[in-house]
Amino acid sequence: HPARFTGVLWDTHMDHCLLLDAKGLVTIWALFTKTVVASRQVVTPIDASAPSVVANPAALTAAREWPAAWTLLSMQGAVVSVTAQRGVIQGFKVARDVPTREFRGHSDLVVGLTTVRPKAKGETKGEAKGEAKGEEELLVVSASADKTLRFWSDDYGTERYRMEEPDKAAELSCMLSLPHLGLLATGAHDGSIRWWNVDCGSVARRLEHSNGVSCICYAVVNNPHSGSQEDFLFSSSDDGSICVWLLFDLGRFAPHVLAVIPAAHGRYESGEAIEVICVAFHEASQLLVSGGNDGNLRCWQPSDRRERHVMSGHGGPVTSLIGGPGSLLFSASDDGTFILWTLTGGGGSPAGPLCVVQGHSGRVSGMAVVREHYLVTVSAEEKLLPWEGGPTVKVWDFAMAQQRSPQGSADPNQTELPALAASDDTSRAAFDGASDDATQDARTDDGAPTKGGGSELVGLVSEHAVEIGKPSCLAAMQATDLNPQLCLLVGTTSGPVLRLEIEL
């Protein structure tokens, strides 16, 4: 351990051992399983040169010998107090019982998640297999590289029915829900896109890309010539192209490619096109945004497919894109960062990044925007030691970013994050309520933002460990009157799907 232990506490309710070190780090150990179930820096080191509030020379001497002299732990119910040798007390709350549920059935990587409410009754048709479906029943849908779409009962966690690709078809690589049409769209590694009716199975398939489809997004685009709105679909591929689809022809569902943007992110020195990993439509600016393996974001005008802007800021491939409320746009990367951008209307002139957030230590596999001002990210965290944190889902509050002027600073290092709370799903334990003292600025020697910081522009609300495998994708479920909690779906590389319920 990097610092000496100065306090210990036994939680008889959970059979956990809480350890406090001299630098204010609290670690929760499950001794019977010999694992760390939660670890959090809940207080900041004490400045030994600061005036003491205790007239005890011995205590003051001890504090100067150990500049971060947090020494005592006490617990009353779910509230834990950390006391310094100079009389300073820091409290935090341990939250228990984070509800979870697992959907098990896939044998390979989960590539997409969504929810649907099929209205038809009776046995499924076409390529669908399984039980009868209940009217208006909320079903969780997961798509996997094992060539299946599985429909799960959200109430019971059981598989209701499934749809399957033909035996000789390629593995699925992504999925998109079109709820207003009652359809799902899936991309495959052979470059094809298939449309599925949630009641009766496959309805259409088109092969347009020469390599795997990496992402699909839907948009209602304003036609500048007719003034009407049209239904578009955009697909990106490992072959470096972006296909622009029209879904209707003379009022009839007939998906067809309107145009192709080849080598959208340019080419490598070898001449091969740079892979386009993700695409998203930014509604406020009416621009299509693509993220590539080159770490750049490119903005396109859907009507003429012209490139409008190129935005740089990530140190690795862009792995996920999602439009936020208003002018906000979020991008995440293989380097563990996510960036808040602003794209204004009338061509979407970029005002630069609001901030760069080093939210994770590993690849960010997915994002979701919920309740207007919360961003959810998921990552398979990198860890060097067995007791360090594993794959996590984090919830961020970006309410302050919404109030920031679009013409604000474009310096990505100007904003950093406070670590407000953390939890572990396996232990059902969570730290909550760290004070402002625990959110001081933290920068590396070169001035780059580090994990944790002092700005209130974006704040970490909660953190949840994923213990069933490395996360591969993320989706958020809409809150209902019966279930007002934040419900998240996390797909994994090994097949299981995890459902989390989080109170905000």
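Does Phe 398 count as buried or exposed? At 1% relative accessibility, Phe 398 counts as buried, where buried means under 20% relative accessible area, exposed over 50% and partly exposed in between, with a 1.4 Å probe and protein chains only.

The model is predicted, so local features need pLDDT of at least 70 and side-chain atom pairs count only at pLDDT 80 or more, while totals for chains, interfaces and linings use all residues. Residues are numbered from 1 along each chain as its sequence is written, and side-chain values use heavy atoms, with hydrogens and water left out.

**Aromatic pairs**

Rings of Phe, Tyr and Trp (its six-membered ring) pair if their centres lie within 6.5 Å; planes under 30 degrees apart count as stacked, over 60 as edge-to-face and the rest as tilted.

| Pair | Centre distance | Plane angle and class |
|---|---|---|
| Phe 330 and Phe 398 | 4.9 Å | 65°, edge-to-face |
| Phe 338 and Trp 396 | 5.2 Å | 65°, edge-to-face |

Helices (H or I, at least four residues) and strands (E, at least two) are DSSP runs, numbered from the N terminus. Phe 330 lies in strand β27 (residues 328–333) and Phe 398 in the loop between β32 (392–397) and α3 (399–403), 68 residues apart. Phe 330, at 0% relative accessibility, is buried. Phe 338 belongs to strand β28 (residues 337–343) and Trp 396 to strand β32, so their pair ties together parts 58 residues apart in sequence. Both Phe 338 and Trp 396 are buried. Elsewhere, ring pairs link Trp 195, Trp 245, Phe 248 and Phe 253 into a cluster.

Two strands pair if DSSP finds at least two bridges between them. Strand β36 (residues 471–477) runs antiparallel to β37 and is joined to it by six bridges, with Met 477 having Cys 487 as bridge partner. Strand β38 (residues 497–502) also pairs with β37 in the antiparallel sense, over six bridges; here Leu 488 stands opposite Leu 500. The hairpin of β37 and β38 has four residues between the strands, and Gly 495 takes a positive phi near 125° in this hairpin.
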